[in-house]
Amino acid sequence: MINSHAQPHQAYDEFSLVLDPAVYEPLPEDWLIGITDVVSSTLAIKSGRYEDVNFAGASVIAALGNAWGSFDFPFVFRGDGAAFALPPRGIMAATSALRQVASFARSDLGLTLRIGLLTVREIRNSGRDVRVARYAASENATYAMFAGGGLKWAEQQIKSGRYLVKPGRYATKPNLTGLSCDWTPFPSQRGEILSLLVEPNDDTSPEVFAALAKRVLAVFDAPSHRSHPVPVDMATPRDIAMPKGSGKRVDAKRWSEVASHSDFRKFDDGLRLTLDCTPEQIDRVEAMLLLAKARGEVNFGLHRQSHALMTCLVPSGSPDSHLHFLDGMGGGYAKAAEMMEAGALGDVQHHVL
């Protein structure tokens, strides 16, 4: 994501800085918010189709960027889906891209992709907001971070049947140029690949959540610990590039750029992390989060697995701005979200009883 007039001008190169609610700026009310997610993604992952789920999840980012003519808009990859924001003049491009990727997921991948579109105004009317900050993962790769609870609310509404985009009868193929899965999954170097989601409860102040998030990150960022899931040595390329992808290979000299351009940690109405860490680190963070959950501050979900998976996006117009989307291979964010939803349901049932 590159800067535009409706986006924050400053990009922060330290992730801890985007935990500060003060750095987020509201999007204009007439901007569009698009949401996608793979229906029954955990079942597809359980049958070994994690790569297809991630490819479907990232597809709307590639399709929209290629149709829009640039990737100069805020977006976030969520494993089994994605979210994006676009100015109102992009409604035709957004609707078309959403329909195209839903048709592609169904015909080429055998997956059902739920697609939805609404305005920031509709989200604000619900009492939530959509605010954006920019995190500079490197000199050439900048990711959008989202706060305000608006994307979470929008996703819940779309899953309940509101704001859905009806599939087109004759949808053309999406332009997925630059999107590929050229690397075999990365095995954990430290013990386990962790997929972690942590979200504040509605009455938790942003400041309290930011303090907790910093304590969580400190466990993984301690000296002598390297939590980045992309290995230091270049991973193994696939013998045959996936036919649905058209990304370029990365040589060994640029491998460090691949690591620095990856989205292994982000803020998306909460912490969203894919990390390589020791079981002891995970246990320590889980204990910390269980206490915070008991205090009513957060809900969270985590999933441990042996490998991480990377989906690559190399924009044809600016190959130096290549982006790399990470998820856990054994269920990743989808399994973590499943645990988090189960925890939220359990809290509601306990409250009712």
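Analyst: Happy to. This is a predicted model. Let's begin with β8: T142, A144 and F146 point one way from the strand, Y143, M145 and A147 point the other way, and all are buried.

User: How many residues of β8 are buried, and what does that say about the strand?

Analyst: Six of the six residues of β8 are buried, so the strand is largely enclosed by the rest of the structure.

User: Which strand pairs with β8, and in what sense?

Analyst: That would be β7, residues 131-136, which pairs with β8 in the antiparallel sense over six bridges.

User: Nice. Moving on to helix α5, how many of its residues are buried?

Analyst: Seven of the ten residues of α5 are buried, so this helix is largely enclosed by the rest of the structure. The buried ones are G150, L151, W153, A154, E155, Q157 and I158.

User: What do those buried residues pack against?

Analyst: They pack against several elements, among them β3, β8, β5 (81-86) and α4 (120-124).

User: What about W153, buried or exposed?

Analyst: W153 is buried, with a relative accessible area of 9%.

User: Let's talk aromatics, then. How many aromatic pairs are there?

Analyst: The count comes to eleven aromatic pairs. One of them is F55 with F104, a tilted pair at 6.2 Å centre to centre and 50 degrees between the planes. This pair links distant parts of the chain: F55 sits in helix α2 (residues 50-68) and F104 in helix α3 (residues 91-109), 49 residues apart. Both F55 and F104 are buried.

User: What about W153 and Y163, how are their rings arranged?

Analyst: Their centres are 6.3 Å apart and their planes stand at 55 degrees, so this pair is tilted. W153 lies in helix α5 and Y163 in the loop between α5 and β9 (179-180), so the pair ties together parts that are ten residues apart in sequence.

User: What is phi for Y163?

Analyst: Phi of Y163 is near 60 degrees, a positive value in a residue other than glycine. For background, most residues other than glycine have a negative phi. S40 is another case, with phi near 55 degrees. You'll find S40 in the loop between β3 (32-38) and α1 (41-46), and it is partly exposed, with a relative accessible area of 44%.

User: And which residue with a positive phi follows α5?

Analyst: α5 is followed by G161, with a positive phi near 105 degrees.

User: Changing topic: what is the strand order in the open sheet of four strands?

Analyst: The order is β12-β13-β11-β14, with antiparallel pairing. At the edges stand β12 (265-267) and β14 (298-305), each with a single partner strand, so one side of each is left without a neighbour in the sheet. On average, neighbouring strands of this sheet are turned by 15 degrees against each other, direction ignored.

User: How do β11 and β13 pair?

Analyst: They pair in the antiparallel sense over seven bridges, with β11 covering residues 192-200 and β13 residues 271-277. Within that pairing, S195 stands opposite T274 in β13.

User: Which helix lies across the sheet strands?

Analyst: Helix α6 (residues 206-221) lies across β11, β12, β13 and β14, and runs at about 15 degrees to β13.

Definitions and conventions. Residues are numbered from 1 along each chain as its sequence is written. This is a predicted model: local features need pLDDT of at least 70, side-chain atom pairs count only at pLDDT 80 or more; totals for chains, interfaces and linings use all residues. Side-chain values use heavy atoms; hydrogens and water are left out. Rings of Phe, Tyr and Trp (its six-membered ring) pair if their centres lie within 6.5 Å; planes under 30 degrees apart count as stacked, over 60 as edge-to-face and the rest as tilted. Helices (H or I, at least four residues) and strands (E, at least two) are DSSP runs, numbered from the N terminus. Buried means under 20% relative accessible area, exposed over 50%, partly exposed in between (1.4 Å probe, protein chains only). Two strands pair if DSSP finds at least two bridges between them. Axes are lines fitted to C-alpha atoms, for helices over the stretch in contact, and angles run from 0 to 180 degrees between N-to-C directions. Contact means heavy atoms within 4.5 Å.
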